[in-house]
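Thanks for sending this one over.

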Amino acid sequence: MFCPQCHTEYRPGFDRCADCDLPLVQTLPEPPPPTAPEELYEGAWVTVANLTMQTDVSLLKAMLDADSIPFIARNDSSVFIMDGTAIPCQFLVPETERERATKVVEQLAEGYQPSASED
Ligand SMILES: [Zn+2]
């Protein structure tokens, strides 16, 4: 038996917590799972890039940070080449940020030149 408030375990025979004056429960509720980044934003996340170059991964992170675009980088730490196969790092952003993020990715693809003139 456990107190739902202070989580003290009681032997059978007790039915109230002596400290909290609350009825004991058989089992404590499971702690909520850690919040996944996907759950911090409502709505869909979309993939905007799959990068296999660690330098590109670092650069894109910095560029998205600079534009305050939230992102998830999947397989971040496992970009490597095995048997000639690169495992890409997948970048996801909230669908609402897709347009801005796509422009950032385009900048990266063209070679990031912050002062480059357009047109
Ligand atoms: Zn208690």
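1. Let me start with the core. The largest nonpolar core has 12 residues in all: Val48, Ala49, Leu51, Val57, Leu60, Leu64, Cys89, Phe91, Leu92, Val93, Ala101 and Val104. Two or more of these residues come from each of E1, H2, E5 and H3. Strand E5 gives the most, with 4 residues. Please keep in mind that this is a predicted model.

2. Next, the sheet. Its 3 strands form an open sheet in the order E1-E5-E2, and the pairing is antiparallel. Strand E1 (45-51) and strand E2 (72-74) are the edge strands, each pairing on one side only. From one strand to the next, the twist averages 25°.

3. E1 pairs with strand E5 (residues 89-94) in the antiparallel sense, over 6 bridges.

4. The axes of H2 and H3 come within 10 Å and cross at roughly 140°, so the two helices are oblique to each other. The crossing of H2 past H3 is right-handed. On the H2 side the contact is made by Asp56, Leu59, Leu60, Met63 and Leu64, and on the H3 side by Ala101, Val104, Val105, Gln107 and Leu108.

5. Leu60 deserves a point of its own. This residue lies in helix H2. Is Leu60 buried or exposed? Leu60 counts as buried because it has 25 C-beta neighbours inside 10 Å, where 20 or more is the cut-off. Beyond its neighbours within four places in sequence, Leu60 is in contact with Ala49, Leu51, Phe91, Val105 and Leu108. The C-alpha atoms of Leu60 and Gln107 are separated by 9.4 Å, although the two residues are 47 residues apart along the chain.

6. Finally, look at Ala101, which is one of the core residues and also one of the H3 residues that make the contact with H2. Setting aside neighbours within four places in sequence, Ala101 is in contact with Val48, Leu64, Ile69 and Val93.

Notes: Residues are numbered from 1 along each chain as its sequence is written. This is a predicted model: local features need pLDDT of at least 70, side-chain atom pairs count only at pLDDT 80 or more; totals for chains, interfaces and linings use all residues. Two strands pair if DSSP finds at least two bridges between them. Axes are lines fitted to C-alpha atoms, for helices over the stretch in contact, and angles run from 0 to 180 degrees between N-to-C directions. Two residues are in contact if their C-beta atoms, placed from the backbone, lie within 7 Å. A nonpolar core is a set of buried Ala, Val, Leu, Ile, Met, Phe, Trp, Tyr and Cys residues joined through C-beta atoms within 7 Å. Angles under 35 degrees count as roughly parallel, over 145 as roughly antiparallel, 65 to 115 as roughly perpendicular and the rest as oblique. A crossing is left-handed if the near helix is turned anticlockwise from the far one by less than a right angle, and right-handed if clockwise.
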